[in-house]
Amino acid sequence: MVNLSLYTTTAVILLDSEGNRILAKYYGPRNNYLTSKEQKQFEKGLFEKTKRANGEIILYDNHVVLYRNNIDVFFYVVGSAEENELLLNNILSAFYDAVSNLLRHQVEKRTIIDNLDLVVLALDETIDDGITLETDSNVIVSRVSRPRTDTTDIPITEQSLLQAYHTAREKVAERLLRGG
């Protein structure tokens, strides 16, 4: 019989296109990489294995790893070899979609580094100590995003010219991103 546990995730790792760490969090009692040196070695081997691959899932060093590549960033969710791949995929999708929404669909290294606080908060809302908290990206975004008080609540007739320009530019960009 399988030993069921709430601890689903061993690590979440973000690497750039050269294999350098942007963000990495290792979790729980199943974490085999206790020192920074072991973590960096695992990340280097993982990157070498996935940098040219077109898949979404691999078995690496007795861990199930789901990953996604976007422009110059690799997102990895690592679980134990016995972990359910569908659950890990839901975690990866929710975290990636939340980050994408928070960064206004500009998921690239520079934007992630500039908004690292939001990315870390999104990760903390998704996973806590290896336990999955949320797999709905919209809920994660609503918990993380800061309420915008700059121009969205002010009627356009009462905004300054610069504020009105920024509001119009954002609305046009949103429509273009939605394809309508």
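At what angle do α2 and helix α5 (residues 137-144) pack, and how far apart are their axes? The model examined here is predicted, so that local features need pLDDT of at least 70 and side-chain atom pairs count only at pLDDT 80 or more, while totals for chains, interfaces and linings use all residues. Residues are numbered from 1 along each chain as its sequence is written, and side-chain values use heavy atoms, with hydrogens and water left out.

Helices α2 and α5 pack at an angle of about 45 degrees, with axes 8 Å apart. Helices are DSSP runs of H or I with at least four residues, numbered from the N terminus; axes are lines fitted to C-alpha atoms over the stretch in contact, and angles run from 0 to 180 degrees between N-to-C directions. The two helices are therefore oblique to each other, a class that holds the angles left over when those under 35 degrees count as roughly parallel, over 145 as roughly antiparallel and 65 to 115 as roughly perpendicular. In contact (heavy atoms within 4.5 Å), Ala94, Asp97, Ala98, Asn101 and Leu102 of α2 meet Ser137, Asn138, Ile140, Val141 and Val144 of α5.

Helix α2 (residues 85-102) also packs with helix α4 (residues 116-126), at about 150 degrees and with the axes 10 Å apart. These helices are therefore roughly antiparallel. Ile91, Phe95, Val99 and Leu102 of α2 make the contact with Leu118, Val119, Ala122, Leu123 and Thr126 of α4.

Elsewhere, Thr50 lies in helix α1 (residues 36-50). Thr50 is buried, with a relative accessible area of 0% (buried means under 20%, with a 1.4 Å probe and protein chains only). Beyond residues up to four places away in sequence, Thr50 touches Ile58, Tyr67, Phe74 and Tyr76.

Terms used
Buried means under 20% relative accessible area, exposed over 50%, partly exposed in between (1.4 Å probe, protein chains only).
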